[in-house]
Amino acid sequence: MPRSIFVSYKYGDADVQALRPSGGGLVSLVPTTARHYVDELTRWLDANDHIYKGENDGESLAGFKNETIESKLRDKIFGTSITIVLISKNMKDPSMLEEDQWIPWEISYSLKEMTKNNRTSRTNGMLAVVLPDRNGSYDYFVKTICQNGCMTWYTSSTFGIISKNMFNRKSPDTFFCTNHPNSGRVHRGTNHSYIYPVKWDDFITNMNWYINIAAQMSQKVNDFEITKTN
């Protein structure tokens, strides 16, 4: 089923693994940034009849006033049903307040029900797609920690509005893992997080499956403790 999708990301974050051209060949001498991953993603979305509603490459909003940027982003996000946020190592600027950065605002707007011109845009389904860092590692955000495949997601390393909407199911499905280093309870299944986390390498092998997970979550908003502001 074709879906209208907004992508939130830190445009210039270059602490990501280098991408090879789609047709193969050598890695470009131009440093790979999170934007290059968006280009890969949009090519796939187009090939699968999804509609990309995010910022196009070269369509910089940096020269506009904040009020104009906000208006343009509202127009892009409104009417979409899925938001994909690309998690990259340096997506969060520690020198700025979170509320002064655009990614938390885009996520907040995606989570709200908004009405415009007698049309209502419902809460978007959401995915957090974790990009590998420049060394090809995901350890800054997720690690496999036991032989059963239990994973630890370092949600506190990202924006508050992202971390608060992960592992936020009101009645979580968990089990006790004896091989877990802390002998703790572990979430299982695909219904543990409203903003569902997935590594890029897993995501690109079956994008439609993960997009459908996000769509299913959006039909079960009341099953989650949703935080709509940072």
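This is a predicted model: local features need pLDDT of at least 70, side-chain atom pairs count only at pLDDT 80 or more; totals for chains, interfaces and linings use all residues.
**Stop 1: strand β6**

Click Thr83 and look for its bridge partner in β6, which is Met126.

Now show the side chains of β6. Is this strand enclosed or open? Six of its six residues are buried, so β6 is largely enclosed by the rest of the structure. Gly125, Leu127 and Val129 are buried on one side, while Met126, Ala128 and Val130 are buried on the other, so to speak a strand with both faces covered.

**Stop 2: Ile195**

Hop over to Ile195, in strand β11. Ile195 counts as buried because its relative accessibility is 0%, and the cut-off for buried is under 20%. Leaving out residues up to four places away in sequence, Ile195 touches Met126, Leu127 and Ala128, along with Ile107, Ile161, Ile162, Asn165 and Met166. Try the distance tool on Ile195 and Asn124: they sit 71 residues apart in sequence, yet their C-alpha atoms are 9.8 Å apart in space.

**Stop 3: the core and helix α6**

Next, select Ile84 and Phe203. Of the 48 residues in the largest nonpolar core, these two touch the most other members. Helix α6 gives the most to this core, with seven residues. Phe203 has contacts with Leu41, Ile84, Leu127, Val129, Val198 and Tyr210, again not counting residues up to four places away in sequence. There is also a second, separate core of six residues, including Phe6 and Trp105.

Then colour α6, residues 207-218. This helix has 12 residues and reaches 17 Å from its first C-alpha to its last, close to the 16 Å expected. Among its buried residues are Met207, Tyr210, Ile211 and Ala214. The buried residues of α6 pack against several elements, including β1, α1, β3, β6 and β11.

**Last stop: Glu98**

Finish in the loop between β3 and α3, where you'll find Glu98. Is Glu98 buried or exposed? Glu98 is buried, with a relative accessible area of 18%. Show its side chain together with that of Lys92: a polar contact of 2.9 Å joins the two. Other residues touching Glu98 include Pro104, Thr158, Phe159, Gly160 and Asn230.

Conventions. Residues are numbered from 1 along each chain as its sequence is written. Side-chain values use heavy atoms; hydrogens and water are left out. Helices (H or I, at least four residues) and strands (E, at least two) are DSSP runs, numbered from the N terminus. The expected span of a helix is 1.5 Å times one less than its number of residues. Buried means under 20% relative accessible area, exposed over 50%, partly exposed in between (1.4 Å probe, protein chains only). Contact means heavy atoms within 4.5 Å. A polar contact is a pair of N or O atoms within 3.5 Å; within protein, one must be able to donate a hydrogen and the other to accept it, and residues adjacent in sequence count only if both atoms are side-chain atoms. A nonpolar core is a set of buried Ala, Val, Leu, Ile, Met, Phe, Trp, Tyr and Cys residues joined through side-chain atoms within 4.5 Å. Two strands pair if DSSP finds at least two bridges between them.
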